[in-house]
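Me: Hi! Could you walk me through this structure in plain words?

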Amino acid sequence: MLGKTHIAFSLSLSSLSALAYNHFYAPLDSILLWQFYIGVSFGAILPDIDEPNSLLGKKTFFISHILKILTGHRGLTHSFFFVSLFFALTFLIPNFETLMIGITLGIFLHLLGDMMTPSGVPILLPFSQKNFYILPLFMRFKTGGIVDKSIALLSIIAFILINKLILI
C-alpha cells in the first residue's frame with residue numbers, strides 16, 4: 001500500500017472504533033478524537049520508516065537508511081513485536097494514552113493493509129521470517145495499482161461518512 005492509502009485505510013477502520021466508543025460508552029470529546037486520529041495517521045505510516053523512499057522515510061532519511069540496512073524493508077517494524085512495543089509505551093507515557101492508542105492501532109492497521117499485498121508481512125519476527133497474508137493470492141494487489149488507489153478513495157469516503165455519525 002502507498003502511504004496515503006495506509007492513512008486513509010487506517011482512519012476509516014479506526015473511525016469505526018471511535019463510533020462504537022461514542023455510541024456504547026460515552027460521547028467523544030473532539031480534542032481526544034483528533035488526538036486519536038493524529039495518532040492513527042502517524043502509526044499508519046510508521047512501519048515504513050524502514051524504507052527510505054516511503055512517505056515517512058523521506059522525512060527521516062538517516063534513520064530510514066539505518067533501519068533498512070539493519071532490518072530490511074518489512075522487517076521488525078512490520079511485526080507484532082513492533083505493535084507490542086508501542087502498546088507497552090501507552091502505559092508508560094502518562095497523559096498521552098489517546099495518542100498512543102491511536103499510534104498502536106495505526107501500526108496494527110498498517111500491517112493488516114500490507115498483508116493484502118503479494119509480499120505479505122513477517123508478523124512473527126524475530127521468531128519467524130515467514131510472511132503472512134489475509135487474502136488469497138488471486139485477491140492480493142500491487143502497491144500503487146488501481147486497487148490500492150481505489151481502497152484509498154473508498155476509505156476516505158467511509159471516514160467522512162462515519163465521522164458524520166460520530167458528530168451527530
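**A chat about the model**

Me: What is the chain like over residues 1-20?
Reply: Residues 1-20 are 90% helix and 0% strand, with the end C-alpha atoms 27 Å apart. Helices are DSSP runs of H or I, at least four residues, and strands are runs of E, at least two, numbered from the N terminus. UniProt, in an unreviewed entry, lists residues 1-20 as "signal peptide". Its positions are given in the numbering used here, feature names are shortened, and annotations may be inferred rather than shown by experiment.

Me: Before we go on, what kind of model is this?
Reply: This is a predicted model, where local features need pLDDT of at least 70, side-chain atom pairs count only at pLDDT 80 or more, and totals for chains, interfaces and linings use all residues. Residues are numbered from 1 along each chain as its sequence is written, and side-chain values use heavy atoms, with hydrogens and water left out.

Me: Which residues does UniProt list for "transmembrane region"?
Reply: The unreviewed entry lists 75-93, 99-125 and 146-167. In the model, residues 146-167 are 95% helix and 0% strand, with end C-alpha atoms 32 Å apart. For residues 75-93 the values are 68% helix and 0% strand, and the ends lie 26 Å apart, again between C-alpha atoms.

Me: OK, new topic. Which residues touch the most other members of the largest nonpolar core?
Reply: Leu 46, Leu 56, Phe 82, Phe 86, Ile 103, Ile 107 and Val 121 do, in a core of 14 residues. A nonpolar core here is a set of buried Ala, Val, Leu, Ile, Met, Phe, Trp, Tyr and Cys residues joined through side-chain atoms within 4.5 Å. Buried means under 20% relative accessible area, exposed over 50%, and partly exposed in between, using a 1.4 Å probe and protein chains only.

Me: Which elements give two or more residues to that core?
Reply: Those are α4 (80-92) and α5 (97-114). The largest share, four residues, comes from α5. Apart from this core lies another, of nine residues, including Leu 11, Leu 33, Phe 36 and Ile 162.

Me: And what does Leu 56 touch?
Reply: Leu 56 touches Phe 42, Ile 45, Leu 46 and Ile 49, leaving aside residues up to four places away in sequence. Contact means heavy atoms within 4.5 Å.

Me: How do α2 and α5 cross?
Reply: The axes of α2 (residues 30-45) and α5 come within 6 Å and cross at roughly 35°. Axes are lines fitted to C-alpha atoms, for helices over the stretch in contact, and angles run from 0 to 180 degrees between N-to-C directions.

Me: What about the residue classes where α2 meets α5?
Reply: Twelve are nonpolar, seven are polar and none is charged. Ala, Val, Leu, Ile, Met, Phe, Trp, Tyr, Cys and Pro count as nonpolar, Asp, Glu, Lys and Arg as charged, and the others, Gly among them, as polar. Phe 36 and Gly 39 are among those from α2, and Gly 102 and His 110 among those from α5.

Me: Which peptide bond is cis?
Reply: The bond from Leu 125 to Pro 126 is cis, with omega near 10°. Pro 126 sits in the loop between α5 and α6.

Me: Is Arg 74 buried or exposed?
Reply: Arg 74 is buried, at 13% relative accessible area. Its phi is positive, about 60°, although Arg 74 is not a glycine. Asn 95, also not a glycine, has a positive phi near 70°, but Asn 95 is exposed at 67%.
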